Amino acid sequence: MRFEHGDSSHGGDPSDSMSECVVNVSHEEINAVARALRLVETPRNLAVLKEVLNTFCPNLLRKLQAFRDDSDGVGYLLLRAIPVDEPVCPTPSGLRTNEIELAPISERLLLAVASVLGEVISYEGEWEGALIHDVCPVRDHAESHSSMGSQEPLDIHTELVNLIPFEPLYVCLYCVRTSEETVARTQLLPLTTVVGCLPGRSVEALRRPEFGVSPPYSFTESASVPAISILSGFGKFERLAVELQSMHPITEGAARAWAELQSLCAGTAIINLELKSGDLLLMNNRRVAHGRAPFRAKYDGSDRWLLRVLARNSLWPQFASVDSNRRILKKDPAIFARLLAGSNTDS
Ligand SMILES: O=C(O)CCC(=O)C(=O)O
Ligand SMILES: [Fe+2]
């Protein structure tokens, strides 16, 4: 992993707290966890995986709990030197079938870590409801601004911003493989940077619900989402909700603030992370937005490969659990509309 960042000198300069965001996990502890996880016979039983982590990795557990409880931090934590499967299979070329394990140790560790942060969840309209997502370049999507693309940037975004309040609270990215020839940078925009770098009048404009969001197409074409504010909440519980690719300002004041936010994202305030094999990046989806710079893909099994897992603070009341291990938000317009209507009850 390598960090690169700009020279911003505001109160929210990411470099101030960068060292606190990196954890070199103890080899002894994490290898003990990996050995125990290898023996688990029910690899999607999250309670069992979490228990293994609790038992063998108490120091890591404490750090994860501190990250989970730190609602006003920069919103990300990078764990380094997590064991990866050796040897590991080639980078997948598309969507995998849900139940298959491709990188057993990595996947079990990832699920265990994510389960300490919250409840692992999936969405029927995303990755066909799979709990584990392979973030790797897919030839047919090379030009898309998505996690399957490569030639175009994946613009800074809050994960599933158009599903708020049913969006994930944590996004966990575990790097299985980096391409030896090309660098793909994961980019981070902490809320502290937005509030610290933009003029007060723009920050105020971002707090007004004057930003249109695209309909949640992968869940329903029939629901439209009301305009939202990019910054909301107060103090410890302030949140950021942004998607550069698809949001649009709907007033003049919002347009000025939007232009400033766009230049912030194009400048040096953004944190660039070059994830390496064995790096696990944990993001609080309300405190930090993320994206990815373009890179060159080869589609020969050697491309960059991340595993992704999403988690929420609670499964209740929106998530329908179809069996003990799958926690899926159904792709159903009627359910979505009902949930949206009652969304003030959400946590
Ligand atoms: O490829 C990356 O570094 C980020 C991908 C991403 O935004 C995601 O999987 O949610
Ligand atoms: Fe993302």
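Alanine 81 sits in the loop that runs between β3 and α5 (helices, H or I of at least four residues, and strands, E of at least two, are DSSP runs numbered from the N terminus). Its phi is near 65°, a positive value in a residue other than glycine. Alanine 81 counts as partly exposed because it has 18 C-beta neighbours inside 10 Å; with C-beta atoms placed from the backbone, 20 or more others within 10 Å make a residue buried, 12 or fewer exposed, and anything in between partly exposed.

A word on conventions is welcome here. The model is predicted, so local features need pLDDT of at least 70 and side-chain atom pairs count only at pLDDT 80 or more, while totals for chains, interfaces and linings use all residues. Residues are numbered from 1 along each chain as its sequence is written, and chains are lettered from A and ligands numbered from 1 in the order in which they are written.

The chain averages a pLDDT of 88 (the predictor's confidence in each residue, from 0 to 100), and 89% of the residues score at least 70. Over residues 6-16, however, pLDDT stays under 50. The chain has 9 helices and 18 strands, and 43% of its 347 residues count as buried.

The loop between β3 (76-80) and α5 also holds proline 87, whose peptide bond from glutamate 86 is cis, with omega near -10°. A cis peptide bond likewise links isoleucine 164 to proline 165, with omega near 15°; proline 165 belongs to the loop between β6 (154-157) and β7 (170-177). Tyrosine 299, in the loop between β15 (288-292) and β16 (305-312), has a positive phi of about 60° although it is not a glycine.

Helix α5 (residues 104-117) also meets helix α3 (residues 46-56): their axes come within 8 Å and cross at roughly 85° (axes are lines fitted to C-alpha atoms, for helices over the stretch in contact, and angles run from 0 to 180 degrees between N-to-C directions). Residues of α3 in this contact include Leu49 and Leu53, and those of α5 include Leu111 and Val116.

The largest nonpolar core has 95 residues, of which Cys172 and Val309 touch the most other members (such a core is a set of buried Ala, Val, Leu, Ile, Met, Phe, Trp, Tyr and Cys residues joined through C-beta atoms within 7 Å). Helix α5 gives the most to this core, with 8 residues. Beyond its neighbours within four places in sequence, valine 309 is in contact (C-beta atoms, placed from the backbone, within 7 Å) with residues including Leu110, Leu111, Ala114 and Cys172.

Conventions: Contact = placed C-beta atoms within 7 Å.
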